[in-house]
Amino acid sequence: MSGKSGKQDPKKINYPIKYQLKLIMDNSIATDENIKNATDKLNELTIQFGSFSSKISTKGTYISLSVQIRIVSEEQFKTLYAELKNLKGLKTAI
């Protein structure tokens, strides 16, 4: 959005954007199941996404899943994080 000077507001995000989503999951749940649960949620929210990559924590307690997603609006972004709270095994989302 332009201000009085005609410049873009640096705090305003121009959608759509590509975003690297990182999910920290409970590793006592199989990796395939964690990925399926995350995939199902992204599909439910009609969010386009790429391939998942994973990395197990040093102690093996958690698994980090990373995936590039495409967010089309601020509303979709907020809805995503609200819905991720219900994802089985999720510890945090970044």
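Asp26 sits in strand S1, which spans residues 17-26; strands here are DSSP runs of E with at least two residues, helices are runs of H or I with at least four, and both are numbered from the N terminus. This is a predicted model, so local features need pLDDT of at least 70 and side-chain atom pairs count only at pLDDT 80 or more, while totals for chains, interfaces and linings use all residues. Residues are numbered from 1 along each chain as its sequence is written, and side-chain values use heavy atoms, with hydrogens and water left out.

Asp26 is buried but has no salt bridge, and the nearest side chain of opposite charge, Lys91, is 4.4 Å away. Buried means under 20% relative accessible area, exposed means over 50%, and partly exposed covers what is in between (1.4 Å probe, protein chains only). For charge, Lys and Arg are taken as positive and Asp and Glu as negative, with His and the chain ends not counted. A salt bridge needs a side-chain nitrogen of Lys or Arg within 4 Å of a carboxyl oxygen of Asp or Glu. What Asp26 does have is a polar side-chain atom 2.8 Å from the backbone nitrogen of Ser28. Setting aside neighbours within four places in sequence, Asp26 is in contact (heavy atoms within 4.5 Å) with Asn34, Thr61, Tyr62, Ile63, Gly89 and Lys91.

Ring pairs join Tyr19, Phe77 and Tyr81 into a cluster.

Which residues of H2 are buried? They are Gln76, Leu80 and Leu84. These residues span an arc of only 65 degrees around the axis, so they lie on the same side of H2; the arc is taken from the directions from the helix axis to the C-beta atoms. Their cover includes S1, helix H1 (31-44), strand S4 (62-71) and strand S5 (90-93). On the face turned away from the buried side, H2 carries the exposed residues Glu75 and Lys78.

Salt bridges number five. Within helix H1, Lys36 and Asp40 lie four residues apart, about one turn of the helix, and they form a salt bridge with the closest N and O atoms 2.6 Å apart. Lys78 counts as exposed at 53% relative accessibility, whereas Glu74 is partly exposed at 43%. Salt bridges with shared partners join Lys41, Glu44 and Glu83 into one network. The bridge links distant parts of the chain, with Lys41 in helix H1 and Glu83 in helix H2, 42 residues apart. Lys41 counts as buried at 11% relative accessibility, and Glu83 as partly exposed at 24%.

Technical notes: A polar contact is a pair of N or O atoms within 3.5 Å; within protein, one must be able to donate a hydrogen and the other to accept it, and residues adjacent in sequence count only if both atoms are side-chain atoms. Rings of Phe, Tyr and Trp (its six-membered ring) pair if their centres lie within 6.5 Å; planes under 30 degrees apart count as stacked, over 60 as edge-to-face and the rest as tilted.
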